[in-house]
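This briefing is intended to be read alongside the sequence and the coordinates. The points are grouped by topic.

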Amino acid sequence: MKMYKSSLSSLLLLGVIAMFNLAEADETLARSAPPTQYPLAQVAISILHQTGHGIPGGYEIAIQGDGNGFYLQNALKTELHISSVTLIDMLNDFYRIHFFELADTYQVKKQVLLRNNFLVATTAMKMADTSSKKLCIQLADYQKCVTIVNDQPAEAAQLITKIEKLFVH
């Protein structure tokens, strides 16, 4: 009888652990996908352009859900108010290009080579000290950033250009 209680206790403990792990997995999955509803005031979009080592010209753009935005370059700040219609248009662009499914960085260049023995080899090279643009979007507690290098991925680079045009004419 004692052995039966011990086995039953072990099974109950395993069941509790399994339920905890499932709940934790559901929470992780929920954090990895953007929310389906959120207040516009809890939206933030930003771009950070970093130049290669020692090259001037970096800048930052930030847009808040309340419509306040700025462009900052060389300590010069240009402020702009963005309409809610324009913000919704930008949000739709993020979804249209499947931004939330993109890799976090495009700083690694991959290439496939055919070796002498007809073996295919894949190489990866990190592009260090190159210009990049980090595009981020925050929707309530969820945030996704993608580092774009050499205008790749093209859809994200085009979205950056569209956002830049709001500030630079």
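A residue counts as exposed when its relative accessible area is over 50%, as buried when that area is under 20%, and as partly exposed in between. V112 has a relative accessibility of 56% and is therefore exposed. The model discussed here is predicted, and its chain has a mean pLDDT of 82, with 75% of the residues at 70 or more.

**Overall architecture**

- The chain contains 3 helices and 8 strands, arranged along the sequence in the pattern α-β-β-β-β-α-β-β-β-β-α.
- The chain has 169 residues, of which 28% count as buried.
- Among contacts in the chain with a separation of 6 or more, 54% are between residues 24 or more positions apart.
- The chain has an accessible surface of about 11,700 Å², and carbon and sulfur atoms contribute 58% of that surface.

**Confidence**

- Confidence is highest in helix 2 (residues 84-96), with a mean of 97, and lowest in helix 1 (residues 2-32), with a mean of 50.
- Over residues 11-16 the pLDDT stays under 50, and the model shows 0 contacts beyond four places in sequence for them.
- Residues 25-30 likewise have pLDDT under 50 and 0 contacts beyond four places in sequence.

**Nonpolar surface and buried positions**

- V112 belongs to strand 5 (residues 108-114).
- Together with L114, F118 and V120, V112 makes a nonpolar surface patch of about 470 Å².
- V149 lies in strand 8 (residues 142-149) and is buried, because its relative accessible area is 1%.
- The C-alpha atom of V149 is 7.6 Å from that of T130, a residue 19 positions away along the chain.
- E164, located in helix 3, has a relative accessibility of 15% and therefore counts as buried.
- Beyond its neighbours within four places in sequence, E164 contacts Y59, I61 and K133.

**Disulfide**

- The structure has 1 disulfide, formed by C136 and C145 with their sulfur atoms 2.1 Å apart.
- The torsion about the S-S bond of C136 and C145 is about 115°, which means that the disulfide is right-handed.
- C136 is buried at 8% relative accessibility, and C145 is buried at 18%.

**Salt bridges**

- Side chains of opposite charge can pair when their charged atoms come close.
- The structure contains 5 salt bridges.
- One of these salt bridges joins the side chains of K162 and D89, with an N to O distance of 2.9 Å; the pair links distant parts of the chain, K162 being in helix 3 and D89 in helix 2, 73 residues apart.
- K162 is partly exposed, with a relative accessible area of 35%, and D89 is partly exposed at 36%.
- K162 also forms a salt bridge with D93, with the closest N and O atoms 2.5 Å apart; this pair again links distant parts of the chain, as K162 lies in helix 3 and D93 in helix 2, 69 residues apart.
- D93 counts as buried, because its relative accessibility is 7%.
- K144 and D104 form a salt bridge in which the closest N and O atoms are 2.7 Å apart.
- K144 is buried, with a relative accessible area of 9%.
- Through salt bridges that share partners, D89, D93, R96 and K162 are joined into one network.

**Backbone geometry**

- Most residues other than glycine have a negative phi, and most peptide bonds are trans.
- N74 has a positive phi, near 50°, and is not a glycine; A75, also not a glycine, has a positive phi of about 65°.
- N74 lies in the loop between strand 3 (68-73) and strand 4 (76-81), and A75 is found in the loop between strand 3 and strand 4.
- N74 is exposed, with a relative accessible area of 61%, and A75 counts as exposed at 75% relative accessibility.
- The peptide bond from Q152 to P153 is cis, with omega near 5°.
- P153 is located in the loop between strand 8 and helix 3 (154-167).

Definitions and conventions
Residues are numbered from 1 along each chain as its sequence is written. This is a predicted model: local features need pLDDT of at least 70, side-chain atom pairs count only at pLDDT 80 or more; totals for chains, interfaces and linings use all residues. Side-chain values use heavy atoms; hydrogens and water are left out. Patches are made of residues with over 30% relative accessible area and no salt bridge: like charges are joined within 9 Å, nonpolar side chains (Val, Leu, Ile, Met, Phe, Trp, Tyr) within 5 Å. Accessible areas come from the Shrake-Rupley method with a 1.4 Å probe; for residues, only the protein chains shown count as cover. A salt bridge is a side-chain nitrogen of Lys or Arg within 4 Å of a carboxyl oxygen of Asp or Glu. Helices (H or I, at least four residues) and strands (E, at least two) are DSSP runs, numbered from the N terminus. Buried means under 20% relative accessible area, exposed over 50%, partly exposed in between (1.4 Å probe, protein chains only). pLDDT is the predictor's confidence in each residue, from 0 to 100. Contact means heavy atoms within 4.5 Å. A disulfide is a pair of cysteine sulfur atoms within 2.5 Å.
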